[in-house]
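Please keep the sequence and the 3D view at hand while going through the points, which are grouped by topic.

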Amino acid sequence: MAKITKEAALLYHSQGKPGKIEVVPTKPYSTQTDLSLAYSPGVAEPCLEIEKNPQDAYKYTAKGNLVAVISNGTAVLGLGDIGALSGKPVMEGKGLLFKIYAGIDVFDIEIEEKDPDKFIEAVKAIAPTFGGINLEDIKAPECFEIERRLKEELDIPVMHDDQHGTAIISSAGLINALQVANKKIEDVKIVVNGAGASAVSCTKLYVSLGARLENIVMVDSKGVISKNRTDLNEQKRYFATDRTDIHTLEEAIKGADVFLGLSRGNVLSQDMVRSMAASPIVFALANPVPEISYEDAMASRPDVLMSTGRSDYPNQINNVIGFPYIFRGALDTQASAINEEMKIAAVHAIANLAKQPVPDVVNAAYHVNNLTFGPEYFIPKPVDPRLITEVSMAVAKAAMQSGVARKQIEDWDAYKLRLRELMGYESKLTRQLYETARLNPQRVVFAEGGHPNMLKAAVEAKAEGICHPVLLGNDEKIEKLAKELDLNLEGIEIVNLRHDRETERRERYAHILAEKRAREGATYDEANDKMFERNYFGMMMVETGDADAMITGLYTKYTNTIKVAKEVIGIRSEYKHFGTMHILNSKKGTYFLADTLINRHPDTETLIDVAKLAEHTVRFFNHTPVMAMLSYSNFGSDQAGSPAKVHEAVAFMHRNYPELAIDGEMQVNFAMNTELRDAKYPFTRLKGKDVNTLIFPNLSSANSGYKLIQAMTDTELIGPIQMGLNKPIHFTDIESSVRDIVNITAVAVIDALVDKKKASIK
């Protein structure tokens, strides 16, 4: 997990438009007619319909996809009672998570009121606006009464996520950890350190799942919660133990099977863990410092099953695995509540997901991921794209079966598809790239190590855990630049290829390259001279296996880079050309654009190779290609110049790949508008299909096209992604941003993993 500085955090929240969320129109508004429909007089019609049938608010307004994140700021994260306004950044952040993980819109509402009755009245007064209410960061014990009353008095889902989110995720983890340990929940002894809202809710849910109350010991800041104490509130009294022989955590933990920590850091010692039963389960969930560090817990004994609340260790208990999807299922059934049946359904859906094969952004045939159910993986990762479908559907089904659903879902396959379409592939794609790369980070050479953006990207990629960076360049200059930029180079290798200590490696690389290209006029002396150039040296590192992938191109001429790549790495034997692709993630969907970098004026043969490479690459990213080969003319209307070349390429693809959805040449508006294309040209192989892959007729149009989109919209672009070389050599655009380079690094790592997988199969 990257180190977060105060300056970086403040800049993130303040740069550009302050805050993290905004309201965006969902209907047309460009004409006077649009505005008349949006407001007066047209808006009167849905108002009258809702007056007749209040349930129609779900049909005509945003209510059915709108959640209120409400807090009074009395228990904000680890900051305590900092006030309603001070907690607003957290509430906005919760809104962001709702949106990016489940497509749910949020208004964050901060109420300056500590009196529970007045707080409840304020929430009830605004409740008609929303389809659900997420209570957040409200201190105990008031939070229990506030949630209870609101659930009783409102007819929409209400959930205090601090209680139930952690309870649901940790319960899923507990079910699976017990399976790994070969234990039964009704038999295990559980010690809970902490007695706040989260601890109480977690433990109650464990009891609902089968844990026995007599096997549970809860500990607060004053020691074991026992029946002879007189300072207990209602929630604590429920868990008070009859035992009189234990008073401290150290005494309670002896022989225990499970430790749940929701308290403060460093209260559980290695000796305490050693005193637990065989295969102990330790959930140390205090954040950012857990009750015992992952390293100390694992060092205490080899059989411990460990979870924390941190993303940099296995089995993270993260509420984002639950709350977005629980509300998604509740909203989609217009549920009147989130009840116990829905929460337990979420528990089992999350637990079961961890036992399934782990997905990847690449085609399933590559089997890149190595996560399998067991001690290191018994909780799904937060970026798992299946959470939106598996958990939401389970919650929706439970809402219907338990009688709180006011809308029935009849076609579950259609609902599953709608959930996928709701999220698109935008944020999901980037998250999956990073998650996949983190599974097995590779050695990646960053050719222009002295460039600020390349240096920052290497440091960020290391911090993200997606690669082991190797910087090429003058070590003194790089270290000086890193100091100026306040970058930590710990764990990052710097190779000064001109240094005397690299003489042996330069000579070795020169011999290999000279031998490889001997019948093309290459000599050792010439090859040795080339090893003083970063692209030659870096690519030879990849060619010889000294590195797994390489990133270059920030200030290198493409013509030189292309020449070196062909000479050192070579083009895959089934092609005569290679190319690049950009992935464009938009609200309309994911699109693949080629060739955006390499081939200036492609002839028919080159266009055929680009189309074949594009088809392979789109499948690499787990999409089914629907391909349009573009031009300024349509289907032979201009029979000279570049349209003719595209026309011939399409004819070849039709003859040799009859099952592939590809057609052209066509103008881009016909490619992107299925109805227009089908009406005008009903004969196309693409009839009824939405195009997701665009093959441009030349480099100028492809390069200008994606850069125009990049300049005029906030659409995410990933690329250029290399297609067709024998090894993972990936190029950046000139002056690419740090994020662009890190994204390409993740792609390069996955590319290297796939190459290794193929090699092992051979």
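Predicted model: local features only at pLDDT ≥ 70, side-chain atom pairs only at ≥ 80, totals over all residues.

V470 has E493 as its bridge partner in β13.

- Strand β12, residues 467–472, runs parallel to β13, and 3 bridges join the two strands.
- Both strands belong to an open sheet of 5 strands, whose order is β13-β12-β11-β14-β21 and whose pairing is parallel.
- Because β13 (493–495) and β21 (729–731) stand at the edges and each has a single partner strand, one side of each is left without a neighbour in the sheet.
- From one strand to the next, the twist of this sheet averages 25°.
- Helix α23, made of residues 534–544, packs on the sheet and touches β11 (442–446), β12, β13, β14 (549–552) and β21, while its direction makes about 160° with that of β14.

- Strand β1 (residues 66–71) pairs with strand β3 (residues 132–135) in the parallel sense over 4 bridges, and N134 in β3 is the bridge partner of V69.

**Helix α14 and its helix partners**

- Helix α14 (residues 323–332) packs with helix α16 (residues 387–401) at an angle of about 50°, and the axes of the two helices are 7 Å apart.
- That angle is why α14 is described as oblique to α16, and the crossing in which α14 passes α16 is right-handed.
- On the α14 side this contact is made by Y325, I326, R328, G329 and A330, and on the α16 side by L387, I388, V391, S392, V395 and A396.
- Sorted by class, the contact of α14 with α16 has 8 nonpolar, 2 polar and 1 charged residues.
- With helix α17 (residues 412–423), α14 packs at an angle of about 125°, the axes being 13 Å apart.
- This angle makes α14 oblique to α17, and the crossing of α14 and α17 is right-handed.
- Here R328, G329 and D332 in α14 meet Y415, R418, L419 and L422 in α17, and the residues of this contact divide into 3 nonpolar, 1 polar and 3 charged.

**A residue to look at: R328**

- R328, which is found in helix α14, counts as buried because its relative accessibility is 3%, the cut-off for buried being under 20%.
- When its neighbours within four places in sequence are left aside, R328 is in contact with G64, N65, A102, G103, I104, I388, S392, Y415, L419 and L422.
- R328 and S311 lie 17 residues apart in sequence, and the distance between them in space is 24 Å, C-alpha to C-alpha.

- Strand β6, residues 216–220, is mostly covered, since 5 of its 5 residues are buried.
- In a regular strand, side chains alternate between the two faces of the sheet.
- In β6, I216, M218 and D220 point one way, whereas V217 and V219 point the other way, and all are buried.
- Strand β5 (residues 190–193) runs parallel to β6, to which 4 bridges join it, and V192 stands opposite M218 in β6.
- Strand β20 (residues 716–723) is largely enclosed by the rest of the structure, because 8 of its 8 residues are buried.
- Strand β15, residues 579–586, pairs with β20 in the antiparallel sense over 6 bridges, and M581 stands opposite I721 in β20.

Terms used. Residues numbered from 1 in each chain as written. Heavy atoms only, no water. Axes fitted to C-alpha atoms, helices over the stretch in contact; angles between N-to-C directions. Parallel < 35°, antiparallel > 145°, perpendicular 65-115°, else oblique. Left-handed = near helix turned anticlockwise from the far one by under 90°. Contact = heavy atoms within 4.5 Å. Nonpolar A, V, L, I, M, F, W, Y, C, P; charged D, E, K, R; others polar. Pairing = 2+ DSSP bridges. Buried < 20%, exposed > 50% of the residue type's maximum accessible area, 1.4 Å probe, protein only.
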